[in-house]
Amino acid sequence: MYDTPAPFTEEDYAARMTRAARDVAETPLAGLLITPGPDLPWLCGYRPTATERLTVLVLTPGSEPRLLVPSLERPDAEAAPGADAVRISDWRDGQDPYAAATGLLLPNGRYGVSDTTWAIHLLGLQEALPLTTYRPLTVVLPLLRAVKDDLEVARLASAAAAADAVYEEIVSVRFTGRRETDVAADLAHLLRERGHSQVFTAVASGRNSANPHHRTGERTLKKGDMVVLDFGGLKDGYASHLTRTVHVGEPAEEERTVHDLVRTAQQASFEAVAPGATCQEVDRRARRWIEDAGYGEYATERTGHGIGVTAHEPPYLTEGEETFLVPGACLSMGPGVRLPGRFGVRIADVVTCTADGARRLNATDRGMAIVA
């Protein structure tokens with residue numbers, strides 16, 4: 001069993017919306033349009049299903065947050081934990097929802113829009129207000145959800161601790177003679193036992209471990225296999241993500257060498273995380289170790305990405321990403337080396353940027369575990 005964290009309060013949601021509006025004031029945007037998806041519940045606590053009916057939260061500098069919902073869904077919106085921090089209005093079936101939205105927007109405004117906004121809604125807004133323009137939210141405000149407060153970091157740390165416990169248990173089970181799907185099922189079961197409401201599991205063995213996006217299959221594990229375990233999910237609304245590479249029986253010399261290299265590269269990228277560092281600098285730090293060892297062409301994955309209420313979110317630790325890290329940014333960091341047709345290695349942890357560097361939220365051993 002595990003302790004359920006205290007729920008976020010109206011004050012928490014009000015603070016997030018205030019910060020978002022303040023961030024907008026520092027851009028050329030007129031405001032933000034937030035539709036169903038991860039942004040909406042994070043900002044105001046309302047978690048509707050995305051449908052053909054328009055739901056939109058409008059955040060503009062100097063104005064109170066406005067939430068437009070279908071009338072039949074208004075009771076649910078009013079019951080959301082952050083509802084008292086927004087002004088709610090509605091539209092009825094048979095009315096034009098986009099006409100209802102025009103009163104909340106500037107006729108020639110430029111707005112940041114949730115990446116998950118359905119095309120039908122964005123096109124409807126453009127038709128109703130043809131002089132408005134729109135930009136993806138993660139392009140104009142890439143750190144909006146990326147910067148976590150202490151309560152969010154605590155939830156991520158709890159999810160990470162649960163994933164650590166799962167790994168400590170999975171390395172004690174038998175791998176030889178079992179299928180990838182069997183080990184993946186064990187991981188899923190253990191994650192749910194430790195409080196995860198959603199899970200993902202990827203088990204890649206032998207040659208499959210050289211494929212960064214291998215889908216867990218029916219291959220039977222055998223002695224001599226390198227096995228990449230990539231797993232996590234959502235616990236209390238926040239993501240875990242842990243990747244470790246284990247070996248069935250004693251590894252060959254090159255397998256151990258590559259594993260040690262990836263572990264060193266991951267440590268180097270962790271040490272590069274600090275306020276003011278750019279995401280590409282963190283990626284370059286890991287990649288430099290791999291390239292200097294002669295394996296650069298086999299490091300095809302980015303070093304990592306943001307993590308929070310979703311497993312993948314901005315910012316991205318990759319070449320060309322010049323976003324500066326700030327305290328509270330939380331990252332899933334995992335460089336890898338994949339040798340096609342032979343084997344692959346990846347090691348990933350969740351890390352948070354602090355005022356003076358970085359802190360790992362995953363504490364389990366990053367060395368190569370030998371499994372039976």
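Aspartate 283 and arginine 287 form a salt bridge, with their closest N and O atoms 3.1 Å apart; the term covers a side-chain nitrogen of Lys or Arg within 4 Å of a carboxyl oxygen of Asp or Glu. Because they sit four residues apart in helix H10 (residues 279-292), about one helical turn separates aspartate 283 from arginine 287. Both aspartate 283 and arginine 287 are buried, where buried means under 20% relative accessible area (1.4 Å probe, protein chains only). Helices (H or I, at least four residues) and strands (E, at least two) are DSSP runs, numbered from the N terminus.

A word on ground rules: this is a predicted model, with local features needing pLDDT of at least 70 and side-chain atom pairs counting only at pLDDT 80 or more, while totals for chains, interfaces and linings use all residues. Residues are numbered from 1 along each chain as its sequence is written, and side-chain values use heavy atoms, with hydrogens and water left out.

**Charged pairs**

The structure holds 27 salt bridges. Here are some of them:

| Pair | Closest N and O atoms |
|---|---|
| Arginine 145 and aspartate 39 | 2.4 Å |
| Lysine 235 and aspartate 236 | 3.3 Å |
| Aspartate 283 and arginine 287 | 3.1 Å |

The salt bridge between arginine 145 and aspartate 39 ties together distant parts of the chain: arginine 145 is in the loop between helix H6 (137-140) and helix H7 (150-170), and aspartate 39 is in helix H2 (residues 39-44), 106 residues apart. Arginine 145 counts as buried at 11% relative accessibility, and aspartate 39 does too at 8%. A network of salt bridges links Asp39, Arg145, Lys148 and Glu313. As for lysine 235, its relative accessible area is 2%, so it is buried.

Aspartate 12, in helix H1 (residues 10-25), is buried yet has no salt bridge, and the nearest side chain of opposite charge, arginine 16, is 6.0 Å away. (Lys and Arg count as positive and Asp and Glu as negative; His and the chain ends are not counted.) What does the side chain of aspartate 12 reach? The backbone nitrogen of threonine 9, at 2.8 Å.

**The open sheet**

Six strands make an open sheet with mixed pairing, in the order E4-E3-E2-E1-E5-E6; two strands pair if DSSP finds at least two bridges between them. Strand E4 (87-91) and strand E6 (133-136) stand at the edges with a single partner strand each, so one side of each has no neighbour in the sheet. On average, neighbouring strands of this sheet are turned by 25° against each other, direction ignored; the axes behind such angles are lines fitted to C-alpha atoms, for helices over the stretch in contact, and angles run from 0 to 180 degrees between N-to-C directions. Inside the sheet, strand E2 (residues 56-59) pairs with strand E3 (residues 66-70) in the antiparallel sense over three bridges. Valine 56 has leucine 68 in E3 as its bridge partner.

**Cysteines and strand E12**

E12 pairs in the antiparallel sense with strand E10 (residues 304-306) over three bridges, and with strand E15 (residues 349-354) over four. Glycine 304 has methionine 333 in E12 as its bridge partner, while cysteine 330 has threonine 352 in E15.

Technical notes
Buried means under 20% relative accessible area, exposed over 50%, partly exposed in between (1.4 Å probe, protein chains only). Lys and Arg count as positive and Asp and Glu as negative; His and the chain ends are not counted. A polar contact is a pair of N or O atoms within 3.5 Å; within protein, one must be able to donate a hydrogen and the other to accept it, and residues adjacent in sequence count only if both atoms are side-chain atoms.
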